[in-house]
Amino acid sequence: MYLDVNPELCTGCSLCEAFCSFRREKAIWPTKSCISVLKYEREALYIPFTCQQCEKAICAEVCPVQAIKRNAHTRAWEIDANKCMGCKMCVASCPLGGVAFDPHRGRAFKCDLCGGDPECVKVCAPGALKLVKGPEVVLAKRRRVTQNMLHLLQNWGVETHV
Amino acid sequence: MFKYRGYTGNILRVDLNRQKIDKIPLAESLAEKYLGGNGFGIRFLWDEVPPEADPLSPVNLLIFATGPLVGTLIPNSGRIEAIAKSPLTNMYGDSNAGGFFGPELKFAGYDMLVFRGRAPQPVYLYIEDELVELRDATHLWGKDTIETEEILRDELKDPDVKVACIGPAGENMVRYACIQVTPQRSLGRSGMGAVMGSKNLKAVAVRGTKGIAIAEPDKFHDLALEFHRRLRANDVYPAVSKYGTPGIVSIMNMIGRFPTKNFQYGAYEWADDINAESLHKKHFVKHLACYACPVACDKLFKIKEGEYRGLACRSVEYETLNGFGANILNRDLASILKANDMADRLGLDVISASRAISFAMELWEKGILSHGEVEGMDLSWGNMETVFKLLNMIAYRQGFGDLLAEGVKRAAEKIGRGAEYYAMHVKGQEIAAQDGRAQQSMGLAHVTSNRGADHLKGFPTIDETGYPAEAERRYGKEYLPDMADPRSIKHKGFLVKDGEDFAAVVDSAGNCKSGGTFVLAEIYWEDMARAIRYATGLEIEVQGLKKIGERIYNLQRCYNVLCGISRKDDTLPRRFLEEPNPSAAAKGLVCRLEPMLEEYYYLRNWDPRTGYPTIKKLEELDLKDAVDRIGREKLIYSREDMKPDRSE
């Protein structure tokens, strides 16, 4: 499973950050959220960004104490806080910025999909965040693209029956 | 650590005269008695700004206040409140905006900013957690609000910095200049931007990395989730979420409550051209939300063709569509968006600016303003070229614009010749797009609002288009059917009083009135009490919360009393009282203000002759200092000492 993010739908409300941090910290603390809404205000473009749960997870590979393990049920990469020694190798090596570092505890942290029931998905009113298995997202996206093409054809006067 | 969670426990006091910044602790008693937001604001104003002070002098304070729910999980808890003595009304003034500035201030570790004095040259305040600095803003002076925000983001190399700033209108102290906060939300009313300009303060840029602690995390989390679920299940959620406030254009037009031609009519022949459906069809791009808001009532609009092609703007509200539409007889949507964008950039309150223009247009129509006085401009209804020109002239206080920059009340006094009749204001503040003849409670709300004409203090929504179910749920069956009938005056004093007390609490806690409390009326007293209790650890029940709301509202009124306000000022323009509304469902109606006002004073326990709170009421609200300051000889003991005239 992983989080499918659709920036087109994101309204920028940051509820995902608030609830994510609250689950971990019992406080609203966006800088300790596993998901961040990156904002480009001039364009009103908002992109929620989080761990992609890579198949080949560099963070887990570089971890010198093997603190990052895949959860067999959710397929999310989880950090064992007791094992983590705070070396930040995972933070440094993740090419996407998917792992963050908590300076107060001296531990790395990242999205673990809340054990399969992510808070961010629950509160995302516009539906920009979805928990998905995989293939169905790709198909949905392909369908969306063809839908756009159909509109284009109709604009050109081509008769379609969809 | 501060005794109560939800607060940061810190206030920043900035003395602009001496360029000195102090971090002081928030008093526990302030949280207990005034909650936050405008509650904090009025207490500081009361204690420190003499009522005779010129609002544009260094003596005035400019306060930015958050509340205990700001920046939390509660739906739309992203509000920031600005409070100062208003340069528009010369009495208590405040305004409230969403966006992200309020939460960021809390993440930086501050509940409140208090500015006093005047900087010798333009400055901005930069806050990054513990780092707090006044910095030179000479290069920002003259820039519009959007440019200012962008320059600050670039200059500070921080795309996440949140900004509150003024545009040219604030710099030139236009009496209804607003403060814009990230992203393009407005602290619109009461002229807070002029106060900021008078202090040579161009902007506040804030960045915070801390967390907000909660007293009872588990309960709070579940309650917040419940609120989110309830809002999303609310009957009007889909419409409000899809269209935002523009969604009510058609409804208001239908009930004759859509001010047209400077309130000459209550319905606009071409309303369909400027309603939400047209707006969406032509210009919609994307839904945008304030902090923690599932409603996302703000939208990104783009003009795709024609003269203003490429123009993108947000915060296009019902008020905008009315102000630059029906109000001045303009049915061209693109030009409304253009005017909205101009007002945002210049930093003008859309409501007051558009009313100032419609006021001038009516004077021109009636022949009161001569050709020479308006510098040869063509002020005929709907002439958008003139509107654009006037917006600039107002913001830069040029020529005739300088007069309109004073607001319609002052402008009418200067013009004379009967102009006052067409100045649609209460206590100096221009009336929003809400006609008290079509919705009687709205007329009363304009009159009793502590910041002058205003629809958001009492915010009667129950009887707008008739919500009998909600009226019954909130107040009980015995109040129906009159409570939900906009044309009835029965129980409206009660409705407005309850709304004002509740709104004072909502504004002070830091919630939005559009998404959850008044519009989409899901969250009410009991819910607010629970949310505040779980967040803060304050032992607070509904009764205690109601007392806080009343205390805030009464202290604002007391401040206004010291500013010279009394019953004589609690009135509407004669047009509302004497000229029957000619439109739609409101045809033939005037606002029957007096009996509603009598009921209102009675319920407030205010003296119906003077409009002053009674000693008994003030003592009950622990406001003995207000009794002493106003003077016992001016106040009566209780309403029983004064038999109200209840003839109607």
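User: Which helix axes of chain B come within 10 Å, and at what angle do they cross?
Analyst: In this predicted model, the axis of helix α13 (residues 350–365) of chain B comes within 10 Å of the axis of helix α16 (residues 408–415) of chain B, and the two cross at roughly 25°.

User: What does that make α13(B) relative to α16(B)?
Analyst: Roughly parallel to α16(B), because angles under 35 degrees count as roughly parallel.

User: Which residues make the contact?
Analyst: From α13(B) they are Arg355(B), Ala356(B), Phe359(B) and Leu363(B). α16(B) supplies Val408(B), Ala411(B), Ala412(B) and Ile415(B).

User: And by class, how many are nonpolar, polar or charged?
Analyst: The contact of α13(B) with α16(B) has seven nonpolar residues, one charged residue and no polar ones.

User: New topic. How many disulfides does the structure hold?
Analyst: Zero, over all chains.

User: Is Cys10(A) buried or exposed?
Analyst: Cys10(A) is buried, with a relative accessible area of 7%.

User: What area do chain A and chain B bury between them?
Analyst: About 2,500 Å², with 60% of it on carbon and sulfur atoms.

User: Why quote an area at all?
Analyst: The accessible area lost when the parts come together is often used to give the size of an interface.

User: Which residues in chain A lose the most area to chain B?
Analyst: Phe22(A), Ile28(A) and Glu41(A). Together they account for 23% of what the chain A side buries.

User: Last one. Where does Val132(A) lie?
Analyst: Val132(A) is in strand β9 (residues 129–132) of chain A. Val132(A) is buried, with a relative accessible area of 7%.

User: What does Val132(A) touch, not counting residues up to four places away in sequence?
Analyst: Met1(A), Tyr2(A), Asp4(A) and Val137(A).

User: And how far apart are Val132(A) and Cys90(A)?
Analyst: They are 42 residues apart in sequence and 25 Å apart in space, C-alpha to C-alpha.

Methods:
Residues numbered from 1 in each chain as written. Chains lettered and ligands numbered in written order. Predicted model: local features only at pLDDT ≥ 70, side-chain atom pairs only at ≥ 80, totals over all residues. Heavy atoms only, no water. Axes fitted to C-alpha atoms, helices over the stretch in contact; angles between N-to-C directions. Helix = DSSP H or I, 4+ residues; strand = E, 2+ residues; numbered from the N terminus. Parallel < 35°, antiparallel > 145°, perpendicular 65-115°, else oblique. Contact = heavy atoms within 4.5 Å. Nonpolar A, V, L, I, M, F, W, Y, C, P; charged D, E, K, R; others polar. Disulfide = S-S within 2.5 Å. Buried < 20%, exposed > 50% of the residue type's maximum accessible area, 1.4 Å probe, protein only. Buried area = accessible area lost by both parts, 1.4 Å probe.
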